[in-house]
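Colleague: Could you walk me through this model? I would like to hear how the pieces pack.

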Amino acid sequence: GPGGYAARNLGVRSARSEWIAFLDADDEWHPTHLANLAHGISSAERPENIVGVFAGYLNAHSDGRCYLDPFTAHGLERVSATLDLNGLLRVWVEVRACPIWTSASAFRRHALLDAGLFPEGRARIGGDKDTWLRVSSLGPVQVAPGVTAIYHRDAVNMVTRATETNFRHCIYETVQALAEAAPEPTRMLLYRMLNLELFCYGIHATKRGTVSRQTYKGFRASIDPWRFILLLAASTYLGAAAFRAVRLARNLGARTTNVLRVDRAKVRLE
């Protein structure tokens, strides 16, 4: 068929409920996950204004390594109950990752529709982040307490494992559109977040070779000069090879450090 984003959009258009929750085939929910999201919404100061809600999740690898999502690991769920667009962007930059993960979130159907749904036809990867950014520009998102989902990082059908990232991130267009009408503080947060995403795309692309300059076109070097220098280095054969060597050493080290290791059969939130 036309792909996952198109399938999700079809599901959202066909749905009749007020809220839409997502669960990819290779991930898991705790039995109380939906109740937890509902509690998060109702606990907001003005629940009627909330456009989305998300909970924490556990990253699980087939070798037994497990670790909390960045937002929860930083302890931010205890101090950031409701996030407006600026708050979401600050957290995104601070933890160096989008705090919202698809299979641990739910959004109002009308907000998804108003934001333009998922970017089918214009994105192969990164469309979830692009969607959450557009929806969050319409209203605040709420944090539900606890860790109530599992992200199976090594699932055989995971799209992101084999997808190329050596191209322009789809979120670039959304950032440009939002920045045009945004006040200066929001504009700077948008550019800092965009720099982070372009950098991550570029570094991921070194797994297969050098980084295309098209991948980080639009990067604000004045905001992140050191990351820009690293991207320039990754655009060369020797630089990309160095990144691959560092990645290999880091992966080997991760298997010998005391990272919360559990038996795969026990990785259940029950």
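Modeller: Happy to, and we can go from the whole chain down to single residues.

Modeller: This is a predicted model, where local features need pLDDT of at least 70, side-chain atom pairs count only at pLDDT 80 or more, and totals for chains, interfaces and linings use all residues. Residues are numbered from 1 along each chain as its sequence is written, and side-chain values use heavy atoms, with hydrogens and water left out.

Colleague: How many helices and strands does the protein have?

Modeller: Helices (H or I, at least four residues) and strands (E, at least two) are DSSP runs, numbered from the N terminus. On that basis the secondary structure comes to 11 helices and seven strands.

Colleague: What percentage of the residues count as buried?

Modeller: Buried means under 20% relative accessible area, exposed over 50%, and partly exposed in between (1.4 Å probe, protein chains only). Of the 270 residues of the protein, the buried share is 49%.

Colleague: Is serine 136 buried or exposed?

Modeller: Serine 136 sits in helix α6, which covers residues 127–136. Leaving out residues up to four places away in sequence, serine 136 touches Leu85, Leu88, Ile100 and Val141, where contact means heavy atoms within 4.5 Å. Because its relative accessibility is 3%, serine 136 counts as buried.

Colleague: Which backbone oxygen does the side chain of serine 136 reach?

Modeller: A polar contact is a pair of N or O atoms within 3.5 Å; within protein, one must be able to donate a hydrogen and the other to accept it, and residues adjacent in sequence count only if both atoms are side-chain atoms. The side chain of serine 136 makes its reach at 2.7 Å, to the backbone oxygen of tryptophan 132.

Colleague: Where do the buried residues of α8 lie around its axis?

Modeller: Helix α8 (residues 171–181) has Ile171, Tyr172, Thr174, Val175 and Ala179 as its buried residues. Seen down the axis, these fall within an arc of 160° (taken from the directions from the helix axis to the C-beta atoms). The face turned away from them carries the exposed Glu173, Glu180 and Ala181. The buried residues of α8 therefore line one face of the helix.

Colleague: Is leucine 198 buried or exposed?

Modeller: Leucine 198 belongs to helix α9. Beyond its neighbours within four places in sequence, leucine 198 is in contact with residues including His169, Tyr216, Phe219 and Leu231. With a relative accessible area of 0%, leucine 198 is buried.
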